[in-house]
Amino acid sequence: MSNELQPEQLLDLARRSGAELAEVYWSSSESRPVYFEANELKQLESTQSEGVALRLWRQGKPGLAVAYGPVDPQQLVDRACALSDLNDPEEPLLAEPWQAQFLDKRSPVEREALITAGQAAIAQIRDRYPAVLCSGEWSCSQEAVRLIDSRGLDLQQQDVSLSAYLQVEWTRGEDFLAVGEEALENAILDPAALTASILQRLQWAEQSVSAPQGQRPVVIAARATDLLWGTVQAALNGQRVQEGSSPWSERLGDRVLSPAVTLRQQPDFGPYACPFDDAGDRTQSLMLIEAGVLRQFYRDRRCGKHPSETTGNGFRPGLGSYPQPALVNCCLEPGMASLPELIAAIDDGILLDQTLGGGPDLAGDFSVNVDLGYRIQNGQITGRVKDTMLAGNVYTALQGCQLANDLSWQGNCWTPAIAVPALSVVSAL
(Lines give C-alpha, C1' and ligand atoms only; values in the text may rest on other atoms or scores of the structure.)
Protein backbone atom coordinates (compact mmCIF):
# COMPACT_ATOMS: atom_id res chain seq x y z
CA MET A 1 0.00 0.00 0.00
CA SER A 2 1.38 3.41 -0.94
CA ASN A 3 2.67 5.56 1.86
CA GLU A 4 0.62 8.52 0.60
CA LEU A 5 -2.72 6.87 1.28
CA GLN A 6 -3.81 4.83 4.29
CA PRO A 7 -7.39 3.56 4.80
CA GLU A 8 -7.39 4.70 8.44
CA GLN A 9 -6.54 8.22 7.30
CA LEU A 10 -9.49 8.25 4.90
CA LEU A 11 -11.85 7.03 7.62
CA ASP A 12 -10.65 9.76 9.98
CA LEU A 13 -11.03 12.48 7.33
CA ALA A 14 -14.51 11.19 6.45
CA ARG A 15 -15.52 11.39 10.13
CA ARG A 16 -14.12 14.93 10.39
CA SER A 17 -16.17 15.85 7.30
CA GLY A 18 -19.40 14.84 8.99
CA ALA A 19 -19.79 11.21 7.87
CA GLU A 20 -21.59 8.92 10.31
CA LEU A 21 -20.20 5.83 8.56
CA ALA A 22 -17.42 5.22 6.05
CA GLU A 23 -15.86 2.27 4.23
CA VAL A 24 -12.60 1.99 2.30
CA TYR A 25 -11.91 -0.72 -0.30
CA TRP A 26 -8.29 -0.78 -1.48
CA SER A 27 -6.80 -3.09 -4.09
CA SER A 28 -3.47 -3.46 -5.84
CA SER A 29 -1.98 -5.84 -8.36
CA GLU A 30 1.44 -6.51 -9.82
CA SER A 31 1.96 -8.75 -12.82
CA ARG A 32 4.96 -9.91 -14.82
CA PRO A 33 3.62 -11.37 -18.07
CA VAL A 34 5.83 -13.02 -20.67
CA TYR A 35 4.51 -12.82 -24.24
CA PHE A 36 5.22 -15.11 -27.19
CA GLU A 37 4.34 -14.36 -30.81
CA ALA A 38 5.00 -16.31 -34.03
CA ASN A 39 6.76 -19.06 -32.01
CA GLU A 40 9.26 -16.66 -30.43
CA LEU A 41 9.62 -14.74 -27.19
CA LYS A 42 8.17 -11.33 -28.05
CA GLN A 43 7.92 -9.15 -24.96
CA LEU A 44 8.47 -8.94 -21.21
CA GLU A 45 6.33 -6.62 -19.12
CA SER A 46 5.87 -5.50 -15.54
CA THR A 47 2.56 -3.88 -14.69
CA GLN A 48 1.35 -2.38 -11.43
CA SER A 49 -1.99 -0.88 -10.49
CA GLU A 50 -3.54 0.48 -7.33
CA GLY A 51 -7.01 1.81 -6.64
CA VAL A 52 -9.18 2.86 -3.74
CA ALA A 53 -12.93 3.33 -3.29
CA LEU A 54 -14.36 5.40 -0.45
CA ARG A 55 -18.02 5.07 0.53
CA LEU A 56 -19.46 7.31 3.19
CA TRP A 57 -22.85 8.29 4.57
CA ARG A 58 -23.64 11.82 5.75
CA GLN A 59 -27.11 12.36 7.17
CA GLY A 60 -27.83 8.89 5.81
CA LYS A 61 -26.96 9.93 2.24
CA PRO A 62 -24.35 7.78 0.41
CA GLY A 63 -21.37 9.10 -1.51
CA LEU A 64 -18.89 6.99 -3.48
CA ALA A 65 -15.56 8.28 -4.80
CA VAL A 66 -12.83 6.30 -6.58
CA ALA A 67 -9.19 7.04 -7.32
CA TYR A 68 -6.34 5.20 -9.01
CA GLY A 69 -2.67 5.67 -8.22
CA PRO A 70 -1.50 8.60 -6.07
CA VAL A 71 -4.38 10.64 -4.67
CA ASP A 72 -4.91 13.48 -2.23
CA PRO A 73 -6.94 11.96 0.65
CA GLN A 74 -8.87 15.14 1.43
CA GLN A 75 -9.85 15.59 -2.24
CA LEU A 76 -11.19 12.02 -2.32
CA VAL A 77 -13.25 12.64 0.82
CA ASP A 78 -14.52 15.94 -0.57
CA ARG A 79 -15.69 14.24 -3.77
CA ALA A 80 -17.55 11.57 -1.81
CA CYS A 81 -19.18 14.23 0.36
CA ALA A 82 -20.24 16.25 -2.70
CA LEU A 83 -21.88 13.20 -4.21
CA SER A 84 -23.65 12.34 -0.97
CA ASP A 85 -25.32 15.78 -1.04
CA LEU A 86 -27.00 14.78 -4.34
CA ASN A 87 -28.34 11.42 -3.17
CA ASP A 88 -31.35 10.30 -1.17
CA PRO A 89 -30.81 8.59 2.19
CA GLU A 90 -30.27 4.80 2.15
CA GLU A 91 -29.63 2.07 4.67
CA PRO A 92 -25.84 1.42 4.71
CA LEU A 93 -26.11 -2.39 5.21
CA LEU A 94 -22.50 -2.73 6.34
CA ALA A 95 -21.16 -6.12 7.46
CA GLU A 96 -20.75 -6.99 11.12
CA PRO A 97 -17.25 -6.01 12.31
CA TRP A 98 -14.54 -8.67 12.25
CA GLN A 99 -10.81 -8.70 11.57
CA ALA A 100 -8.74 -11.25 9.65
CA GLN A 101 -5.76 -11.61 7.35
CA PHE A 102 -5.54 -14.22 4.57
CA LEU A 103 -2.02 -14.18 3.20
CA ASP A 104 -0.63 -16.38 0.44
CA LYS A 105 2.74 -17.66 1.61
CA ARG A 106 3.90 -18.79 -1.83
CA SER A 107 6.78 -16.96 -3.48
CA PRO A 108 6.27 -15.50 -6.97
CA VAL A 109 7.60 -17.60 -9.86
CA GLU A 110 10.71 -16.17 -11.45
CA ARG A 111 10.42 -14.81 -14.97
CA GLU A 112 13.05 -17.24 -16.28
CA ALA A 113 10.83 -20.17 -15.28
CA LEU A 114 7.89 -18.65 -17.18
CA ILE A 115 10.05 -18.20 -20.30
CA THR A 116 11.32 -21.77 -20.09
CA ALA A 117 7.78 -23.15 -19.71
CA GLY A 118 6.50 -21.16 -22.69
CA GLN A 119 9.37 -22.18 -24.94
CA ALA A 120 8.98 -25.84 -23.99
CA ALA A 121 5.24 -25.82 -24.72
CA ILE A 122 5.72 -24.22 -28.12
CA ALA A 123 8.49 -26.68 -28.95
CA GLN A 124 6.22 -29.64 -28.12
CA ILE A 125 3.48 -28.32 -30.43
CA ARG A 126 5.83 -27.59 -33.34
CA ASP A 127 7.56 -30.94 -32.99
CA ARG A 128 4.29 -32.52 -34.16
CA TYR A 129 3.00 -29.64 -36.31
CA PRO A 130 5.99 -27.58 -37.58
CA ALA A 131 3.83 -25.38 -39.85
CA VAL A 132 1.75 -23.83 -37.04
CA LEU A 133 2.25 -20.44 -35.42
CA CYS A 134 2.07 -20.25 -31.64
CA SER A 135 1.42 -17.24 -29.47
CA GLY A 136 0.67 -16.94 -25.80
CA GLU A 137 1.13 -15.37 -22.41
CA TRP A 138 2.65 -16.79 -19.21
CA SER A 139 2.14 -14.69 -16.11
CA CYS A 140 2.70 -14.58 -12.37
CA SER A 141 0.54 -12.03 -10.56
CA GLN A 142 0.36 -10.76 -6.98
CA GLU A 143 -2.89 -9.21 -5.81
CA ALA A 144 -3.87 -7.62 -2.51
CA VAL A 145 -7.17 -6.34 -1.11
CA ARG A 146 -7.99 -4.52 2.10
CA LEU A 147 -11.51 -3.68 3.28
CA ILE A 148 -11.94 -1.49 6.36
CA ASP A 149 -14.81 0.53 7.78
CA SER A 150 -15.53 2.90 10.64
CA ARG A 151 -17.39 0.23 12.65
CA GLY A 152 -14.27 -1.92 13.13
CA LEU A 153 -14.25 -4.19 10.05
CA ASP A 154 -10.68 -4.84 8.85
CA LEU A 155 -10.01 -7.61 6.31
CA GLN A 156 -6.97 -8.31 4.15
CA GLN A 157 -6.22 -10.86 1.46
CA GLN A 158 -3.08 -11.43 -0.61
CA ASP A 159 -2.75 -13.94 -3.45
CA VAL A 160 -0.10 -15.19 -5.82
CA SER A 161 -1.59 -16.58 -9.04
CA LEU A 162 -0.13 -18.30 -12.09
CA SER A 163 -1.74 -18.45 -15.50
CA ALA A 164 -0.86 -19.29 -19.07
CA TYR A 165 -2.67 -19.10 -22.39
CA LEU A 166 -1.41 -20.71 -25.58
CA GLN A 167 -3.02 -20.22 -28.99
CA VAL A 168 -2.06 -22.21 -32.08
CA GLU A 169 -2.89 -21.00 -35.58
CA TRP A 170 -2.82 -23.43 -38.48
CA THR A 171 -3.30 -22.19 -42.05
CA ARG A 172 -3.65 -24.63 -44.93
CA GLY A 173 -4.57 -22.86 -48.15
CA GLU A 174 -7.89 -21.14 -47.48
CA ASP A 175 -8.49 -23.15 -44.31
CA PHE A 176 -7.67 -21.36 -41.05
CA LEU A 177 -7.83 -22.96 -37.62
CA ALA A 178 -7.18 -21.37 -34.21
CA VAL A 179 -7.01 -23.54 -31.09
CA GLY A 180 -6.54 -22.09 -27.61
CA GLU A 181 -5.86 -23.58 -24.19
CA GLU A 182 -5.51 -22.06 -20.72
CA ALA A 183 -3.69 -23.40 -17.68
CA LEU A 184 -3.68 -22.22 -14.07
CA GLU A 185 -1.45 -22.63 -11.05
CA ASN A 186 1.42 -25.11 -11.25
CA ALA A 187 0.15 -26.59 -14.52
CA ILE A 188 1.57 -23.57 -16.37
CA LEU A 189 5.08 -24.84 -15.60
CA ASP A 190 4.28 -28.30 -17.00
CA PRO A 191 4.31 -28.00 -20.82
CA ALA A 192 2.57 -31.35 -21.30
CA ALA A 193 -0.40 -30.19 -19.19
CA LEU A 194 -0.97 -27.35 -21.63
CA THR A 195 -0.12 -29.03 -24.93
CA ALA A 196 -1.84 -32.43 -24.66
CA SER A 197 -5.31 -31.03 -25.34
CA ILE A 198 -4.10 -28.81 -28.19
CA LEU A 199 -2.30 -31.70 -29.91
CA GLN A 200 -5.41 -33.88 -29.65
CA ARG A 201 -7.62 -31.18 -31.13
CA LEU A 202 -5.20 -30.47 -33.97
CA GLN A 203 -5.22 -34.18 -34.81
CA TRP A 204 -9.02 -34.23 -34.87
CA ALA A 205 -9.00 -31.20 -37.19
CA GLU A 206 -6.59 -32.62 -39.75
CA GLN A 207 -9.50 -33.22 -42.11
CA SER A 208 -12.85 -31.47 -42.56
CA VAL A 209 -16.16 -33.30 -42.89
CA SER A 210 -19.76 -32.29 -43.41
CA ALA A 211 -21.86 -31.61 -40.33
CA PRO A 212 -25.03 -33.53 -39.48
CA GLN A 213 -28.33 -31.70 -39.79
CA GLY A 214 -31.37 -31.37 -37.54
CA GLN A 215 -31.72 -32.37 -33.90
CA ARG A 216 -28.52 -34.14 -32.89
CA PRO A 217 -26.77 -35.14 -29.65
CA VAL A 218 -23.94 -32.79 -28.71
CA VAL A 219 -20.97 -33.25 -26.40
CA ILE A 220 -19.85 -29.89 -25.05
CA ALA A 221 -16.19 -29.80 -24.07
CA ALA A 222 -15.47 -28.29 -20.66
CA ARG A 223 -13.96 -25.15 -22.23
CA ALA A 224 -17.27 -24.42 -24.01
CA THR A 225 -19.63 -25.10 -21.10
CA ASP A 226 -20.05 -21.43 -20.20
CA LEU A 227 -22.71 -21.60 -22.90
CA LEU A 228 -24.75 -23.42 -20.24
CA TRP A 229 -23.43 -22.55 -16.79
CA GLY A 230 -23.45 -18.78 -17.31
CA THR A 231 -27.24 -18.91 -17.66
CA VAL A 232 -27.64 -21.27 -14.70
CA GLN A 233 -25.60 -18.92 -12.50
CA ALA A 234 -27.80 -16.00 -13.59
CA ALA A 235 -30.97 -17.96 -12.72
CA LEU A 236 -29.56 -18.62 -9.22
CA ASN A 237 -28.88 -14.92 -8.60
CA GLY A 238 -30.89 -13.73 -5.60
CA GLN A 239 -31.28 -10.26 -7.06
CA ARG A 240 -33.02 -11.68 -10.13
CA VAL A 241 -35.18 -13.79 -7.84
CA GLN A 242 -36.14 -10.70 -5.89
CA GLU A 243 -37.02 -8.92 -9.15
CA GLY A 244 -38.98 -11.93 -10.36
CA SER A 245 -36.91 -12.15 -13.56
CA SER A 246 -35.33 -15.54 -12.80
CA PRO A 247 -37.25 -18.47 -14.31
CA TRP A 248 -36.63 -20.26 -11.01
CA SER A 249 -38.03 -17.52 -8.73
CA GLU A 250 -40.86 -19.78 -7.51
CA ARG A 251 -39.11 -23.15 -7.99
CA LEU A 252 -37.20 -23.62 -4.71
CA GLY A 253 -37.36 -27.31 -3.81
CA ASP A 254 -38.35 -28.36 -7.36
CA ARG A 255 -36.34 -30.47 -9.76
CA VAL A 256 -35.13 -27.97 -12.35
CA LEU A 257 -32.32 -29.88 -14.07
CA SER A 258 -31.21 -33.44 -14.70
CA PRO A 259 -30.49 -35.57 -11.59
CA ALA A 260 -26.94 -35.73 -12.98
CA VAL A 261 -26.40 -32.06 -12.05
CA THR A 262 -25.15 -31.17 -8.57
CA LEU A 263 -23.77 -27.64 -8.28
CA ARG A 264 -22.13 -26.08 -5.23
CA GLN A 265 -20.27 -22.95 -4.30
CA GLN A 266 -16.94 -23.85 -2.66
CA PRO A 267 -15.17 -20.58 -1.79
CA ASP A 268 -12.15 -22.22 -0.13
CA PHE A 269 -11.22 -24.30 -3.16
CA GLY A 270 -8.85 -23.75 -6.08
CA PRO A 271 -7.13 -20.69 -7.57
CA TYR A 272 -10.21 -18.46 -7.12
CA ALA A 273 -10.60 -19.14 -3.39
CA CYS A 274 -12.06 -16.15 -1.58
CA PRO A 275 -12.66 -15.97 2.21
CA PHE A 276 -14.83 -12.81 2.19
CA ASP A 277 -16.87 -10.81 -0.27
CA ASP A 278 -16.52 -7.14 -1.19
CA ALA A 279 -19.09 -6.15 1.44
CA GLY A 280 -17.06 -7.78 4.23
CA ASP A 281 -19.23 -10.87 4.74
CA ARG A 282 -17.72 -14.33 5.03
CA THR A 283 -18.20 -16.44 1.92
CA GLN A 284 -19.96 -19.75 2.46
CA SER A 285 -20.15 -23.24 1.03
CA LEU A 286 -23.54 -23.44 -0.65
CA MET A 287 -25.51 -26.37 -2.05
CA LEU A 288 -27.29 -24.64 -4.91
CA ILE A 289 -28.59 -27.58 -6.98
CA GLU A 290 -28.57 -31.10 -5.58
CA ALA A 291 -29.22 -33.97 -8.01
CA GLY A 292 -31.18 -31.55 -10.17
CA VAL A 293 -33.24 -30.10 -7.27
CA LEU A 294 -33.04 -26.35 -6.61
CA ARG A 295 -31.90 -25.93 -2.99
CA GLN A 296 -30.71 -22.35 -2.59
CA PHE A 297 -30.03 -18.99 -4.24
CA TYR A 298 -26.96 -16.83 -3.64
CA ARG A 299 -27.40 -13.31 -2.30
CA ASP A 300 -25.60 -10.19 -1.25
CA ARG A 301 -26.71 -7.87 1.57
CA ARG A 302 -29.06 -5.90 -0.64
CA CYS A 303 -31.16 -8.63 -2.21
CA GLY A 304 -32.27 -10.61 0.84
CA LYS A 305 -35.43 -9.88 2.79
CA HIS A 306 -33.06 -9.06 5.64
CA PRO A 307 -29.26 -8.48 5.69
CA SER A 308 -28.86 -11.63 7.78
CA GLU A 309 -29.96 -13.63 4.72
CA THR A 310 -26.81 -12.71 2.80
CA THR A 311 -24.77 -15.70 1.62
CA GLY A 312 -21.60 -13.59 1.33
CA ASN A 313 -21.84 -13.15 -2.43
CA GLY A 314 -21.55 -9.38 -2.86
CA PHE A 315 -18.78 -8.50 -5.32
CA ARG A 316 -17.91 -5.26 -7.11
CA PRO A 317 -17.84 -5.31 -10.93
CA GLY A 318 -15.42 -2.39 -10.54
CA LEU A 319 -14.18 -0.02 -7.86
CA GLY A 320 -16.85 2.51 -8.79
CA SER A 321 -19.72 0.08 -8.22
CA TYR A 322 -21.60 -1.19 -5.20
CA PRO A 323 -21.29 -4.93 -4.45
CA GLN A 324 -23.64 -7.08 -6.53
CA PRO A 325 -24.50 -10.80 -6.30
CA ALA A 326 -21.93 -13.09 -7.92
CA LEU A 327 -20.66 -16.61 -7.30
CA VAL A 328 -17.15 -17.29 -6.03
CA ASN A 329 -16.57 -20.83 -7.30
CA CYS A 330 -19.27 -22.63 -9.29
CA CYS A 331 -18.32 -26.28 -8.77
CA LEU A 332 -20.00 -29.18 -10.56
CA GLU A 333 -19.94 -32.71 -9.24
CA PRO A 334 -18.33 -34.91 -11.91
CA GLY A 335 -20.05 -37.81 -13.62
CA MET A 336 -18.77 -41.36 -13.94
CA ALA A 337 -17.90 -41.41 -17.65
CA SER A 338 -14.77 -40.05 -19.29
CA LEU A 339 -14.96 -37.67 -22.25
CA PRO A 340 -13.97 -40.48 -24.67
CA GLU A 341 -16.79 -42.59 -23.21
CA LEU A 342 -19.31 -39.79 -23.81
CA ILE A 343 -18.10 -39.55 -27.39
CA ALA A 344 -18.21 -43.32 -27.86
CA ALA A 345 -21.91 -43.39 -26.88
CA ILE A 346 -22.98 -41.14 -29.80
CA ASP A 347 -23.91 -42.52 -33.23
CA ASP A 348 -24.04 -39.21 -35.11
CA GLY A 349 -23.53 -35.85 -33.43
CA ILE A 350 -21.17 -32.98 -32.65
CA LEU A 351 -18.34 -32.34 -30.21
CA LEU A 352 -18.48 -28.61 -29.48
CA ASP A 353 -15.07 -27.18 -28.63
CA GLN A 354 -15.18 -23.39 -29.12
CA THR A 355 -18.05 -21.01 -29.91
CA LEU A 356 -18.50 -17.60 -31.53
CA GLY A 357 -21.26 -15.12 -30.87
CA GLY A 358 -23.44 -14.08 -27.97
CA GLY A 359 -24.55 -16.44 -25.26
CA PRO A 360 -28.06 -17.38 -24.13
CA ASP A 361 -30.55 -14.94 -22.66
CA LEU A 362 -32.00 -15.50 -19.19
CA ALA A 363 -34.80 -17.55 -20.75
CA GLY A 364 -32.03 -19.92 -21.90
CA ASP A 365 -32.46 -19.62 -25.67
CA PHE A 366 -29.28 -19.50 -27.74
CA SER A 367 -27.97 -19.70 -31.29
CA VAL A 368 -24.19 -19.77 -31.66
CA ASN A 369 -21.63 -20.33 -34.37
CA VAL A 370 -19.34 -23.30 -33.96
CA ASP A 371 -15.86 -21.78 -33.99
CA LEU A 372 -14.32 -25.21 -33.50
CA GLY A 373 -16.26 -28.45 -33.50
CA TYR A 374 -15.99 -32.04 -34.69
CA ARG A 375 -18.37 -34.60 -36.09
CA ILE A 376 -18.95 -37.79 -34.13
CA GLN A 377 -19.92 -40.86 -36.17
CA ASN A 378 -20.33 -44.30 -34.69
CA GLY A 379 -18.61 -43.17 -31.50
CA GLN A 380 -15.54 -41.78 -33.27
CA ILE A 381 -14.32 -38.28 -34.15
CA THR A 382 -14.22 -38.21 -37.95
CA GLY A 383 -13.11 -34.61 -38.58
CA ARG A 384 -13.73 -30.93 -38.14
CA VAL A 385 -17.06 -29.29 -39.07
CA LYS A 386 -17.19 -25.74 -40.44
CA ASP A 387 -19.89 -23.16 -41.22
CA THR A 388 -22.12 -24.72 -38.58
CA MET A 389 -24.52 -23.27 -36.01
CA LEU A 390 -26.07 -24.76 -32.88
CA ALA A 391 -29.37 -23.62 -31.37
CA GLY A 392 -31.37 -24.72 -28.37
CA ASN A 393 -32.37 -23.89 -24.83
CA VAL A 394 -30.09 -24.22 -21.80
CA TYR A 395 -32.74 -25.51 -19.40
CA THR A 396 -34.08 -28.04 -21.90
CA ALA A 397 -30.58 -29.26 -22.79
CA LEU A 398 -29.74 -29.81 -19.12
CA GLN A 399 -32.84 -31.90 -18.44
CA GLY A 400 -31.37 -35.10 -19.82
CA CYS A 401 -27.66 -34.33 -19.77
CA GLN A 402 -24.75 -36.52 -18.71
CA LEU A 403 -21.57 -35.15 -17.13
CA ALA A 404 -18.04 -36.41 -17.72
CA ASN A 405 -15.35 -36.74 -15.07
CA ASP A 406 -12.75 -34.43 -16.69
CA LEU A 407 -13.03 -31.44 -14.35
CA SER A 408 -11.16 -28.24 -15.17
CA TRP A 409 -11.38 -24.52 -14.39
CA GLN A 410 -13.25 -22.48 -16.97
CA GLY A 411 -13.36 -18.98 -15.54
CA ASN A 412 -14.79 -19.34 -12.03
CA CYS A 413 -16.47 -22.65 -12.91
CA TRP A 414 -15.01 -26.08 -12.02
CA THR A 415 -16.74 -28.13 -14.67
CA PRO A 416 -16.51 -31.30 -16.75
CA ALA A 417 -17.62 -31.87 -20.34
CA ILE A 418 -21.35 -32.37 -20.81
CA ALA A 419 -23.35 -34.53 -23.21
CA VAL A 420 -26.80 -33.15 -24.02
CA PRO A 421 -29.49 -35.20 -25.77
CA ALA A 422 -30.20 -32.86 -28.67
CA LEU A 423 -29.49 -29.43 -30.10
CA SER A 424 -30.49 -28.08 -33.48
CA VAL A 425 -27.58 -28.32 -35.93
CA VAL A 426 -27.57 -26.17 -39.09
CA SER A 427 -24.70 -26.22 -41.55
CA ALA A 428 -24.02 -24.60 -44.92
CA LEU A 429 -22.04 -27.63 -46.05
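This is a predicted model: local features need pLDDT of at least 70, side-chain atom pairs count only at pLDDT 80 or more; totals for chains, interfaces and linings use all residues.

Biologist: Which residues does strand 16 span, and how many bridges pair it with strand 11?

Modeller: Strand 11 covers residues 263-265, and its antiparallel partner, strand 16, covers residues 330-332. The number of bridges between them is three.

Biologist: What is the strand order in the open sheet?

Modeller: The sheet has six strands, and their pairing is mixed. Its edges are strand 13 (293-294) and strand 22 (408-410), each of which pairs on one side only. Reading across, the order is 13-12-11-16-23-22.

Biologist: Over to strand 10. Which residue in strand 24 is the bridge partner of Arg216?

Modeller: Strand 10 takes in residues 214-220, and strand 24 takes in residues 418-427. They run antiparallel and are joined by six bridges. Arg216 has as its bridge partner in strand 24 Leu423.

Biologist: And in strand 17, which residue is the bridge partner of Val219?

Modeller: Here the pairing is parallel: three bridges link strand 10 with strand 17, residues 348-356. The partner of Val219 in strand 17 is Leu351.

Biologist: Zooming out, what is the radius of gyration of the chain?

Modeller: The chain has eight helices and 24 strands. For 429 residues the globule rule gives 22 Å, and the chain's value is close to that, so the chain is as compact as a globular protein of that length. Its radius of gyration is 24 Å.

Biologist: What share of the residues is buried?

Modeller: A residue counts as buried when its relative accessible area is under 20%. Across the 429 residues of the chain, the buried share is 49%.

Biologist: Last one: how far apart are the centres of the positive and negative side chains?

Modeller: There are 33 positive side chains and 55 negative ones. The C-alpha atoms fill a box of roughly 75 × 55 × 35 Å along the principal axes. Within the chain, the centres of the two charge sets are separated by 3 Å.

Terms used
Residues are numbered from 1 along each chain as its sequence is written. Side-chain values use heavy atoms; hydrogens and water are left out. Two strands pair if DSSP finds at least two bridges between them. Helices (H or I, at least four residues) and strands (E, at least two) are DSSP runs, numbered from the N terminus. The radius of gyration is taken over C-alpha atoms; the globule rule is 2.2 Å times the number of residues to the power 0.38. Buried means under 20% relative accessible area, exposed over 50%, partly exposed in between (1.4 Å probe, protein chains only). Lys and Arg count as positive and Asp and Glu as negative; His and the chain ends are not counted. The place of a charge is taken as NZ of Lys, CZ of Arg, CG of Asp or CD of Glu.
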